[in-house]
Amino acid sequence: EKRMQAEPDKQIWSVSQNDNESSCTCEHCRHLDSLYGGPSGTMIWFVNQVAERFPDKTISTLAYQQTRHAPTNIRPNKNVNIMLCSIECQRTYPIASETGDHSFQHDMDAWTALTDNIFLWDYVVQFRNYFDPFPNFQVLQPNLQNFRDHHIPMVFEQGSNQNITESYEWRTYLLAHLMWNPDLNVDSLRQRFFDAHYGPNRTPFITQYYDEMQEALLASGQKLNIYGYPMDAVEGYLNLEHLAVYSAWLWKAWNKEPFEGCSSLQKKMYDDRLRLLQLSFDFAVLDIASHEYFPEINFFTEDEKKRKQVSDVYHLTLDNFVKFCNILGVNYLDEATYTPQQFYDNITNYW
C-alpha cells in the first residue's frame, strides 16, 4: 500500500509467487488447496483480496509452474491479471499438439474460460546456452495463432533482452511481424529478410541450412527444450551426418558474394552477419568435441605412440570462436552471464 501511494501513476502491480516450485504446506493453505483445486486456487483466493482492496489497480499474478493449472470453485476478480507462462513446453511441435490433462493447451483452455484478463508469457530462445542451435521457428506462428484464437489480449515473447543469441536477428524480425499479424506468410518474410540481411546470393544456402536443421529435428522426434546443450541432440539433429550437411551449406554461403557489385565495406557487414550464424554452429561443434562423443569431432588426436594431443583444428576453432565473440559483441553465452572467455578457460583447463 505504501508503494502504491508513493507511485500513484503505476497501474499494474505484481503479487506473485517466487521463481521456484515451492508452495506453502501449512494446514491453512492445504485446506484452501483442497477447496480451490490446488496452489493456483489458493493464490487466486489471496490475490482477489488484494484486488478488492485496490479496485483502481490491476493486480497481476503468475500462473507459473505449480500455479499454472487453473483453479476450481473460484474466479479471478476483474482487476486481476493472470500472467500465464509456458516455460515447461517443448518447442519441437506447436503447443496445440499436446492436449492432455496436464498440457499447457488444457491449462490455457481452462484459464480463458475463467477470465479474459490474461498476459501470456512465452519463451523463444535457448536460455542455458544462447548459441546452441535452436530450430524452433516451426512453432512460432502456430503458437501465436493459438494464443490469438483463445482471445488472449497480451503476449510477451521472452528472448535474451540485449544479449546476442543464435539467430536472434531472424527470430526477432519474424516475431515482430507475427505479433502484429499471426497469419502472414512466413516463407515470404524469410526470403525478404535473408535477402536483406545475408545478401540474395547467399539466401539459398542459408535457407537450406535452416530447413535441413528443422527437418532433422522433426525427423528425430526429440523434444526441444529452452534449457539444454548441443550434446542433447547428438543422436538427433546434431548428429555427425547432419553437422556435415550444415557445414557444407555454410561453406557454400561463405563462397558467394552477398550480391553483385558488393563493395569491400558492404561485404564486411554481410560477412559479420554470416559469422554470427557460424558462431552457433561452431559452439555446437566445440561442445560436442569437449565430450569426445564422436571420434571425428574431438579435441584430441593420438600420435604414433597413442599419446593424446590437442587437435590443432579444434584449438583454432575455439580461438576463433572467442575472437569473433569479442569482435561481434557477444558478451554472454547464457542467462547466468557465462562469458566466452570462461568457456575458453573451462575447455583449456580440461586439456
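A charge is taken to sit over a ring when NZ of Lys or CZ of Arg is within 6 Å of the ring centre and within 35 degrees of the ring normal.

**View 1. Charged side chains over the rings of Phe-324 and Phe-300 in the predicted model.** Arg-275 lies over the face of Phe-324, at a distance of 4.2 Å from the ring centre. Over the ring of Phe-300 sits the charged end of Lys-308, 5.2 Å from the centre of that ring.

**View 2. The edge-to-face pair of Trp-170 and Phe-194.** The structure holds 22 aromatic pairs, and one of them joins Trp-170 to Phe-194 in an edge-to-face arrangement, with 5.6 Å from centre to centre and 70° between the planes. The pair links distant parts of the chain, since Trp-170 belongs to helix H6 (residues 168–180) and Phe-194 to helix H7 (residues 186–198), 24 residues apart. Trp-170 and Phe-194 are both buried. The two residues also belong to one aromatic cluster, whose members include Phe-137, Tyr-173, Phe-193, Tyr-198, Tyr-209, Tyr-210 and Tyr-246.

**View 3. The tilted pair of Phe-283 and Phe-343.** The ring centres of Phe-283 and Phe-343 are 5.2 Å apart and their planes meet at 35°, so the pair counts as tilted. Because Phe-283 lies in helix H10 (residues 264–290) and Phe-343 in helix H12 (residues 340–350), the pair ties together parts that are 60 residues apart in sequence. Both Phe-283 and Phe-343 are buried.

View 4. The structure holds 0 disulfides. Cys-24 is partly exposed, with a relative accessible area of 42%.

**View 5. Helix H3 (residues 39–53) and the elements against which its buried residues pack.** At 1.5 Å a residue, the 15 residues of helix H3 should span 21 Å, and the end C-alpha atoms are 22 Å apart, which agrees with that expectation. The buried residues of H3 are Ser-40, Gly-41, Thr-42, Met-43, Ile-44, Val-47, Asn-48, Val-50 and Ala-51. These buried residues pack against helix H2 (27–36) and helix H4 (104–114), as well as against strand S2 (58–63) and strand S3 (80–85).

Technical notes: Residues are numbered from 1 along each chain as its sequence is written. This is a predicted model: local features need pLDDT of at least 70, side-chain atom pairs count only at pLDDT 80 or more; totals for chains, interfaces and linings use all residues. Side-chain values use heavy atoms; hydrogens and water are left out. Rings of Phe, Tyr and Trp (its six-membered ring) pair if their centres lie within 6.5 Å; planes under 30 degrees apart count as stacked, over 60 as edge-to-face and the rest as tilted. Helices (H or I, at least four residues) and strands (E, at least two) are DSSP runs, numbered from the N terminus. Buried means under 20% relative accessible area, exposed over 50%, partly exposed in between (1.4 Å probe, protein chains only). A disulfide is a pair of cysteine sulfur atoms within 2.5 Å. The expected span of a helix is 1.5 Å times one less than its number of residues. Contact means heavy atoms within 4.5 Å.
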